[in-house]
Amino acid sequence: MMGKRILASLLSMAMVGAVLAGCSGGGETASSQAGSSAAPASSAAGSEATPAEGGFEFTGYPMNAQDQTITWYGGPSYNPNAAYASAEDSPFHTLLQEQLGVNIEWQFPTAGTDATQAFNLMMAGGTLPDVINHTLMKDAERYITEGTIYDLTPYIQEHAPAYYAWLQTDTAYDKAMKTDSGKYYGFGFFREDGGWNDTYLGPVADAAALEAVGIKADEVKTISDWDNMLKALKDSGMSTPLSFAKSRIETTGISGAFGAYGLIKYQLFIDGNQKVQLAHVQPEYKNYLQKLNEWYQAGYIDQDFLSLDDTAARSNAQNRTMAVSITSMGQISNWERDAEQNSTGAKWVALSYPKGDDGTLSMVFGGYGIGEVAGTISTNCPEEKIPLVMRALDYAYTDEGFLYWNFGKEGNSWEYDANGEVQYLPIVTEDPNGINDAIDKFGGSTWSGNCIQATKLLYLKNTETAIACNDKWFYENEPVTAAWKMPNGLTYTEEESNRHTELQGAIQTYIEEQSVKFMTGEESLDNFDNFVATVEGMGLEEMLAIDQAAYDRYLAR
């Protein structure tokens, strides 16, 4: 599980990649997209000199291209750590230029700007950067057709050999980075061990607080158990037994116990008949809202949850004003370290994802280890510059680049221990802001990016307790961690994209507003049927037909 294979000698992987380069993947359904822990291709796989138009010749990294500049829109994925005013001060960004041997001019959304809004403004602004990193998978075919981004198919095997070899290690990876017509469009984000890495969020509790009211954390299994737990905590005098950052419950929460598929955020899911459905119009979703509203009205749920972020939730955990939450593996690491440093007495542990009293569990937070972002090359980049840009992007998928993107530069932020394992140096482990913050200064795969996130990184940055949380959330629920998910990588036609954007925009805004109102009681659940009728009247059937067609084409690739 610790990904040692990916840090071992990768010569055999390079040989496999070379053999596979001329092979095409077989058909694979989304329900069988188990993540692969195969290693990335060695940088040796593409180290031969490759003459290209415009005079660039690749002879290895660092490239001899210090006189050239790549403009790169990183989106929120690559924002410099908060300790740095700009990319020019950030260790990850500055050292990446040295590793690559080319100048990079980074572009990011303005602070406080919504990522989608920032992307739309950039796309409408005229001159685009060479590289665009964004969640644009569904629209890739349209952008290629419109002439906004390049079809990378003619270039990928020659100028991105490590990346191409990586895609061939798992049919699902390859499918996700192609359009329905078979065009490669970008460089994706992958989690090394697939599903385990993607199930990084779930329910937790302060076991000490539970024990104080006579409850054992490992015996809390069902929604009735949650009813009893929250009531006991409230009766003991705790003001807000259940508190969480809003972002941590928007997509999932504990909806699976009700046969539902999400909470506030717009969310599609795949039902047992391989049909695309909208989570918010299902009767099971109403049942979930009823329970949350019941808890909210009883004062079990923090009344300020809509304004809470991870920082506020961390403060609540440290002050012990809550005992139950839904959060991530990384946040649990922070909470546990806070409890130890401040001797608060809290003992944070994972709770099982609760089931319905009848055993229902339709979903938990999870995925297939394939992210939603892709790094594409805009047609503003001159064609003769494509080999240089693709080699810069390909670096992350080589063995050397894999280490850099995850851990930073060897000798600067990490070194090998006596067993040949990566270990962080004091500049990371003794950072006054904590190891999680320090890792974000030197690596580029912490949240997302055009790279492969190492499982080893997650083990190094998290506590044993946090790792145990992830194990519980994933291994107890493996069959339902991802089977419900719309796969990342399906694409719309140009006509579908335009129409779907129009329909989804209105539906998404409406359901997200109403979901909060139903949950808090501002809107009575007696009006749920009217809510569903309104959504249906906004073009739901037509929108789902577009999604179904795209999903069916994805399965047929």
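**Cores, cavities and buried residues**

The lining of the largest cavity is made up of 10 nonpolar residues, 1 polar residue and no charged residues. Here Ala, Val, Leu, Ile, Met, Phe, Trp, Tyr, Cys and Pro count as nonpolar, Asp, Glu, Lys and Arg as charged, and the others, Gly among them, as polar. The model is predicted, so local features need pLDDT of at least 70 and side-chain atom pairs count only at pLDDT 80 or more, while totals for chains, interfaces and linings use all residues. Residues are numbered from 1 along each chain as its sequence is written, and side-chain values use heavy atoms, with hydrogens and water left out.

**Cavities**

- The whole structure holds 2 cavities of 30 Å³ or more; a cavity is a set of points on a 1 Å grid over the protein atoms alone where a 1.4 Å probe fits but cannot get out, and lining residues have an atom within 4 Å of a point.
- The largest cavity contains about 50 Å³ of space, a volume being the space filled by probe spheres set on the points.
- Its lining includes Leu 242, Ile 254, Trp 295 and Met 519.
- Helix 12 (residues 283-297) gives the largest share of that lining, 3 residues; helices are DSSP runs (H or I, at least four residues) and strands are DSSP runs (E, at least two), numbered from the N terminus.

**Nonpolar cores**

- The largest nonpolar core has 86 residues, and Trp 226, Trp 295 and Val 324 have the most contacts inside it.
- Helix 23 (residues 540-556) supplies the largest share of this core, 7 residues.
- A second, separate core of 80 residues includes Val 131, Tyr 184, Tyr 185 and Leu 403.
- A nonpolar core is a set of buried Ala, Val, Leu, Ile, Met, Phe, Trp, Tyr and Cys residues joined through side-chain atoms within 4.5 Å; buried means under 20% relative accessible area, exposed over 50%, and partly exposed in between (1.4 Å probe, protein chains only).
- Leaving aside neighbours within four places in sequence, Trp 295 is in contact (heavy atoms within 4.5 Å) with residues including Ile 223, Trp 226, Asp 227 and Tyr 300.

- In helix 16 (residues 399-407), 7 of the 9 residues are buried, among them Leu 403 and Trp 405.
- Gly 408 follows helix 16 and has a positive phi, near 95°.
- Arg 191 lies in strand 6 (residues 187-191) and counts as buried at 10% relative accessibility.
- Beyond four places in sequence, Arg 191 touches residues including Asp 198, Trp 447 and Gln 453.

**Cysteines**

- The whole structure has 0 disulfides, a disulfide being a pair of cysteine sulfur atoms within 2.5 Å.
- Cys 451 is buried at 0% relative accessible area, and Cys 469 is buried at 1%.

Definitions and conventions: 1 Å grid on protein atoms, 1.4 Å probe; cavity = no way out; pocket = protein on both sides within 12 Å on 5 of 7 lines; lining within 4 Å.
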